Amino acid sequence: MTSPSPEFAPQSEFLRTLVERGFLHQCTDLAALDERLRAGPVVAYNGFDLTADSLHVGHLIPIMMLRWLQKTGHKPIVLMGGGTTRIGDPSFRDTTRPLLDDAQINANLAGLARVFERFLTFGDGPQDAVMVNNADWLDRLGYIDFLRDFGRHFSVNRMLSFDSVRLRLEREQSLSLLEFNYMVIQAYDFLELARTHGCALQLGASDQWGNIINGVELGRRVEGLELFGLTAPLLTTASGAKMGKTASGAVWLNADRLSPYDFWQFWRNTEDADVGRFLRLFTELPLEEIARLESLPGSEINEAKKILADEITTLCHGADAARHARETAWATFEEGAAATGLPTFDIEAGRLRAGASLVELLVMAELASSKAEARRLIRGGGARVNGTAIMDEAATVSSDDIVDGAVKLSAGRKKHALVRPV
């Protein structure tokens, strides 16, 4: 099992792209996979459980990996977890996932399918993507037959050593037999796809490493197959925050869950230190252009953030939506704020770094006469931070929300103020 070393120089276009753009974290056998990729098209898959009707920003890395896989001449499989969602992946979770019924799972599948249609080309060609549902084979399994045929290939001692299980047990948090079986089922998925689609590679985030290894080993033991696993790093911002979370919740990829404008604005608010990394991961701009953009001095880095927002919004929502979002942002923050002379209130920079209460800021900015009124405003959907409605009374505003030197607060559509750190 290998992680990329500074000396590793892949010859295949796919692995070279992953290394250059920062996707590669671990691989079961880098050299052998590189040779396999150079020999001809490889079929690879990534799995997505159906726990919601949209994916979020945290899923963009595996989606972009599948996109680069296809762009470099290989065939992606999108595995929808219609079967595994009934169990729930316990990886690095403190509690059991809520179990969903079949109707909700099917509705979520339809929502996720819309995301992939924007990033991949589906069809019947040798490099066209296909979408499969593991319920199609898991629902047919007989429990006793499955245990007899495959249970003997898994060591409980080994399974207990994987971080996703070990950390849960060390914290003395309950882990059900149902959840413990998840990694066995995921391993069987890999074997099934290898048998039916010639799939040789599983992609995933680093928290899936143990599950992926199980699949690689199961294919070798049962069918004598040479299978590979490759993971990307879990993504955090430069300040250590989990990627994809804001004061108002997850940054969803479907427009009916989060507007293209709010999606664009999320990327426009990227921390300076993350601009280059995010341009490499979430856009297809040439690396030379990214190097130029991330080296822009001072406030000029804001132009790179707008390009980042344009590029990923175009991929996710289309060019028209990206253009409209940028024009709206210009009218709201740059042209509008300067022309109307919005009232500005200074706040100690340290308070924003620590996260200031939105309720208190609304009162400070004279957008609410009291904390009680501010809470009612938030509950009613009238409070906005940088144009995004905030419904959580416990929400905080931090340095991450600063746009062009200030945070714009709104009460309804007509009352606005800027909060500026000093």
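Analyst: The discussion below takes up a loop residue, the nonpolar cores, a sheet and the cysteines. This is a predicted model, in which local features need pLDDT of at least 70, side-chain atom pairs count only at pLDDT 80 or more, and totals for chains, interfaces and linings use all residues. Residues are numbered from 1 along each chain as its sequence is written, and side-chain values use heavy atoms, with hydrogens and water left out.

User: Is Ser54 buried or exposed?

Analyst: Buried means under 20% relative accessible area, exposed over 50%, and partly exposed in between, with a 1.4 Å probe and protein chains only. Ser54 has 3% relative accessibility and therefore counts as buried. Ser54 lies in the loop between strand S2 (43-49) and helix H3 (60-71); helices (H or I, at least four residues) and strands (E, at least two) are DSSP runs, numbered from the N terminus.

User: Which residues does Ser54 touch?

Analyst: Contact means heavy atoms within 4.5 Å. Not counting residues up to four places away in sequence, Ser54 touches Leu112, Trp252, Leu253, Asn254 and Arg257.

User: Which residues touch the most other members of the largest nonpolar core?

Analyst: In soluble globular proteins, nonpolar side chains tend to be buried together. A nonpolar core is a set of buried Ala, Val, Leu, Ile, Met, Phe, Trp, Tyr and Cys residues joined through side-chain atoms within 4.5 Å. Here the largest core has 70 residues, and Leu230, Trp267 and Phe282 touch the most other members. H3 supplies the largest share of this core, eight residues. Another core, of 27 residues, lies apart from it and includes Val43, Phe154, Val184 and Leu227.

User: In what order do the five strands of the open sheet stand?

Analyst: Two strands pair if DSSP finds at least two bridges between them. The order is S9-S15-S14-S11-S12, with mixed pairing. S9 and strand S12 (388-389) are at the edges, each with a single partner strand, so one side of each is left without a neighbour in the sheet. Four bridges pair S9 with strand S15 (residues 415-421) in the parallel sense, whereas strand S14 (residues 407-411) and S15 run antiparallel, joined by five bridges.

User: How many disulfides does the structure hold?

Analyst: A disulfide is a pair of cysteine sulfur atoms within 2.5 Å. The structure holds zero disulfides. Cys199 counts as buried because its relative accessibility is 1%, and Cys316 counts as buried at 0%.
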